[in-house]
Amino acid sequence: MPSERTERLRAWDGATAPLITPSLLDCDFAEVGREIARLEAAGVAALHLDVMDGHFVPNLSYGPPVVADWRAVTDLPFDAHLMISNPAEYLDAFVDAGADSLLVHAEVVRKPADLLRQIRDRGCRAGLVINPPTPWTAVEPYLDQLDSVLVMSVMPGFGGQRFQETVLEKVRAIRAARPGLRIAIDGGINARTADQATEAGATQLVVGSATYRADGNYAASLGEVAEAARRGLQRGGAAPGRAGAPPAV
Ligand code: DX5
Ligand code: ZN
């Protein structure tokens, strides 16, 4: 019988757009277990893990031992956003800790084809991330090797920044180049910006600060984002969701 984690991964792989993935960055780090339980109760399909090294980005967050502790309390897929200068050195540690997907920055990977292959060889999903100033053509040669592309709509390092809509042009270009590819967007996503992202072709939205509210009702906060995202998807006309898949939120 497939394990709960395998089932969740299958659901995530086939999830209908818009897929909402809350980020564990602006949560209450004194009570992360409770935060994860609330997000699970809200029906999220996966968690976005923001890993920062104080070098590639001017901030620090958490590493493999912390991720391993979270893996012990949830079967939700972990989509790990590695904002680190040397992702190849930590690939095995993050997979061993329970990451299901590794998102590495195109700005730091010297040989993306090799690293993406190594990630997939470990049974993990592979994604490339591009910062706002990085052109989409940085990922173009690797589109066939990717499970997702993550387009940053803020400079990475901190939650709560303003959404940069100029990056939507890149989302549109990637969508045109690979209509079926999962395109995620990260930074400044909330109920006022989500529709622009999905209209342009984003199928996965990372939601950081807009997730967390004092009453702990994350189903409400994420539901508002999902509603806006659905409106944008309808306007955009590109709904690459797969038939029969469960709703993302
Ligand atoms: C930013 C991180 C984001 C962050 C987004 O460096 O990569 O995932 O959590 O936070 P918001 O949604 O508040 O911009
Ligand atoms: Zn992120």
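Predicted model: local features only at pLDDT ≥ 70, side-chain atom pairs only at ≥ 80, totals over all residues.

Modeller: The lining of the largest pocket divides into 12 nonpolar, 11 polar and 3 charged residues. The lining has 26 residues. Nearest the pocket centre lie Phe158, Gly159, Gly160, Asp186 and Gly187. The space inside comes to about 250 Å³.

Next, the annotation. The UniProt entry, which is unreviewed, lists Asp50 and Asp186 under "active site". These residues are spread over 137 residues of sequence, yet they cluster in space. Their largest C-alpha distance is 10.5 Å. Both Asp50 and Asp186 are taken into the lining of the largest pocket.

The protein donors of the zinc ion (ligand 2) are His48 through NE2, Asp50 through OD, His81 through ND1 and Asp186 through OD. These donors lie 2.1 to 2.3 Å from the zinc ion. Along the chain, the donors follow the spacing H-x1-D-x30-H-x104-D. Asp50 sits in strand β2 (residues 47–52) and His81 in strand β3 (residues 78–83), so this pair ties together parts that are 31 residues apart in sequence.

What is the geometry around the zinc ion (ligand 2)? There are 6 donor atoms, and they subtend angles of 72 to 171 degrees, which makes the arrangement octahedral. For reference, ideal angles for six octahedral donors are 90 or 180 degrees.

Are Asp50 and His81 buried or exposed? Asp50 has 4% relative accessibility, so Asp50 counts as buried. His81 has 0% and therefore counts as buried too. The cut-off for buried is under 20%.

For contrast, here is the second largest pocket. Its volume is about 210 Å³. Its lining includes Ser85, Asn86, Pro87, Glu89, Arg110, Lys111 and Asp114. The elements that give two or more residues to this lining are α4 (87–97) and α5 (112–121). Helix α4 gives the most, with 3 residues. By type, the lining of the second largest pocket divides into 5 nonpolar, 2 polar and 4 charged residues.

Asp50 and Asp186 are in its lining, both are donors of the zinc ion (ligand 2), and both are listed by UniProt for "active site".

Conventions: Residues numbered from 1 in each chain as written. Chains lettered and ligands numbered in written order. Heavy atoms only, no water. Donors = N, O, S within 2.8 Å, 3.2 Å for Na, K, Ca; no water. Tetrahedral: all angles 85-135°; square planar, octahedral: opposite > 155°, others 65-115°. Helix = DSSP H or I, 4+ residues; strand = E, 2+ residues; numbered from the N terminus. Buried < 20%, exposed > 50% of the residue type's maximum accessible area, 1.4 Å probe, protein only. 1 Å grid on protein atoms, 1.4 Å probe; cavity = no way out; pocket = protein on both sides within 12 Å on 5 of 7 lines; lining within 4 Å. Points joined across faces, edges and corners; volume = space filled by probe spheres on them. Nonpolar A, V, L, I, M, F, W, Y, C, P; charged D, E, K, R; others polar. UniProt positions renumbered as here; feature names shortened; annotations may be inferred.
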